[in-house]
Amino acid sequence: MQCWDNLINTLSCVLFLVGVSHLVRLTQAPYGRYLDLGPSSSSSSMPRMMPARLAWFLQELPSLLVPLMMMTTTPNHTGSSLGTSLLLGTFCLHYFQRTFVYSVLMRGRPFPLHVMIEAGLFCSLNGFTQSHYLVHCAHYHPTWTSDTRFLIGSTLFLLGMAINVHSDYLLRNLRQPGEVVYKIPKGGLFHYVSGANYFGEIVEWLGYAIATWSLTTFSFAFCSLCFIGRRAFHHHRFYHEKFHDYPRSRKALIPFIF
């Protein structure tokens, strides 16, 4: 298959625009603490719900399946080089963890069906964009894996993933099985920021973008920053409003800065 350069550039621009749209929207995506399931909600206004584990599994799955299908169904693809295979492997590694580990272990509230569908469509589109670029469009010199950008980016990716996974573990264990109450996160980077899990994922995708060094991957990193960075800010505000003893020195997303 040839590189659909114009399509990939267009989709990369779409990712930038999606990121900007998240920054300017007035409300948060209606799931988790931002979904009103209280007695004041009428049955007619209540969206169709899915079990949280199933919803997260289904919506994240396309980001893993699409790249794997791209690699396995394309003979003699450019992604067979060591550099491209490793780069695409970072993307798949993240979504393998999100699909088969995070979604299975999570203890979340019921998830709106329409939000799951929207997220699944985004994951399908982004999975195609990232994998088509890396498999069919990207060209890396055989020495790319010793390039400073690859080494720094790969290190940031692994560091960010470790922070993300550890922070998810801490959040998950704040609750007993069956509990839906919110508590003050403690431990790890939560000592410094309210959105330690989001900080880790942003570092992941920044590292991914640096290691791949392309408009396509930077557009995804930017989109992720806009969506989960803004959500971290709202989480921070939520904690301050809900808990009077919430640590005042704790920042929203970036330790010591913001």
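One disulfide is present (a disulfide being a pair of cysteine sulfur atoms within 2.5 Å) in this predicted model. The bond is formed by Cys3 and Cys137, whose sulfur atoms lie 2.1 Å apart. Residues are numbered from 1 along each chain as its sequence is written. Because the model is predicted, local features need pLDDT of at least 70 and side-chain atom pairs count only at pLDDT 80 or more, while totals for chains, interfaces and linings use all residues; side-chain values use heavy atoms, with hydrogens and water left out.

**The disulfide**

- The link of Cys3 and Cys137 is right-handed, with 100° about the S-S bond.
- Distant parts of the chain are joined by this pair: Cys3 belongs to the segment before α1 (5-24), Cys137 to helix α4 (residues 113-137), and the two are 134 residues apart. Helices here are DSSP runs (H or I, at least four residues), numbered from the N terminus.
- Cys3 is partly exposed, at a relative accessible area of 29%, whereas Cys137 is buried, at 12%. Buried means under 20% relative accessible area, exposed over 50%, and partly exposed in between, with a 1.4 Å probe and protein chains only.

- Cys13 counts as partly exposed, at 43% relative accessibility.
- For Cys92, the closest cysteine sulfur belongs to Cys123, also at 13 Å and too far for a bond. Cys92 counts as buried, at 10% relative accessibility.

**Aromatic pairs**

- The count comes to 24 aromatic pairs. Rings of Phe, Tyr and Trp (its six-membered ring) pair if their centres lie within 6.5 Å; planes under 30 degrees apart count as stacked, over 60 as edge-to-face and the rest as tilted.
- One of these pairs is formed by Tyr239 and Tyr246, which are stacked at 5.2 Å centre to centre with 10° between the planes.
- Both partners are buried: Tyr239 has a relative accessible area of 3%, and Tyr246 has one of 2%.
- Phe91, Tyr95, Phe157, Trp205, Tyr208 and Phe220 together form one aromatic cluster.

**Charges over rings**

- The charged end of Arg98 sits over the ring of Tyr102, 4.0 Å from its centre. A charge sits over a ring if NZ of Lys or CZ of Arg is within 6 Å of the ring centre and within 35 degrees of the ring normal.
- Arg175 lies over the face of Tyr182, at 4.9 Å from the ring centre.
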